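Dear colleague,

I am handing over the structure below, and I would be grateful if you could look through it alongside my notes, which follow directly after it.

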Amino acid sequence: MPTNLIPSITAVSPSSIYTNTTNVLNVTVSAVGNPEAYVYLINPVTGQIIYETFASSTTPGVLTVTIPSNVTATLTPVPTNYYSTHSPM
């Protein structure tokens, strides 16, 4: 049982989203029971929601989020070191 009963994300893999392909993110959570979450992909520059979905799992502590290729096809790659000089919203 988690030491903290408030659900939290402990890991996300991979740490990048790639354009023009379906991306599968494996999210490890610290929570009691099977995880469920509303997931939002937000443009860090504009704050606009690009994609939203509901994810659920029958495996405690693990949540899989799939971002379809038609969504990633609309993304603009962020230049290397972008976040070292810019803050996400």
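Which residues does Val29 touch, not counting residues up to four places away in sequence? In this model, which is predicted, Val29 touches Ser8, Ile9, Thr10, Pro35, Gly61 and Val62.

Val29 also belongs to the largest nonpolar core, which has 11 residues in all and includes, among others, Leu25, Val27, Leu41, Tyr51 and Ala55. Two or more residues of this core are given by each of strand E2 (23-30), E4 and strand E5 (62-67). As general background, nonpolar side chains tend to be buried together in soluble globular proteins.

Strand E2 is also the place of Asn23, a residue that counts as buried because its relative accessible area is 5%, under the 20% cut-off. A polar atom of the Asn23 side chain lies 2.8 Å from the backbone oxygen of Thr21, and, leaving aside neighbours within four places in sequence, Asn23 is in contact with Ser16, Ile17, Tyr18, Val65, Thr66, Ile67 and Thr72.

Turning to the surface, Tyr38, Tyr40, Ile42, Ile49 and Phe54 form a nonpolar patch there, with about 550 Å² of accessible area together. Strand E3 (36-42) and strand E4 (49-56) each supply at least two residues of this patch, and the largest share, three residues, comes from E3. Phe54, which is placed in strand E4, is classed as partly exposed because its relative accessible area is 42%, a value between the limits of 20% for buried and 50% for exposed.

With best regards

Technical notes: Residues are numbered from 1 along each chain as its sequence is written. This is a predicted model: local features need pLDDT of at least 70, side-chain atom pairs count only at pLDDT 80 or more; totals for chains, interfaces and linings use all residues. Side-chain values use heavy atoms; hydrogens and water are left out. Patches are made of residues with over 30% relative accessible area and no salt bridge: like charges are joined within 9 Å, nonpolar side chains (Val, Leu, Ile, Met, Phe, Trp, Tyr) within 5 Å. Accessible areas come from the Shrake-Rupley method with a 1.4 Å probe; for residues, only the protein chains shown count as cover. A salt bridge is a side-chain nitrogen of Lys or Arg within 4 Å of a carboxyl oxygen of Asp or Glu. Helices (H or I, at least four residues) and strands (E, at least two) are DSSP runs, numbered from the N terminus. Buried means under 20% relative accessible area, exposed over 50%, partly exposed in between (1.4 Å probe, protein chains only). A nonpolar core is a set of buried Ala, Val, Leu, Ile, Met, Phe, Trp, Tyr and Cys residues joined through side-chain atoms within 4.5 Å. Contact means heavy atoms within 4.5 Å. A polar contact is a pair of N or O atoms within 3.5 Å; within protein, one must be able to donate a hydrogen and the other to accept it, and residues adjacent in sequence count only if both atoms are side-chain atoms.
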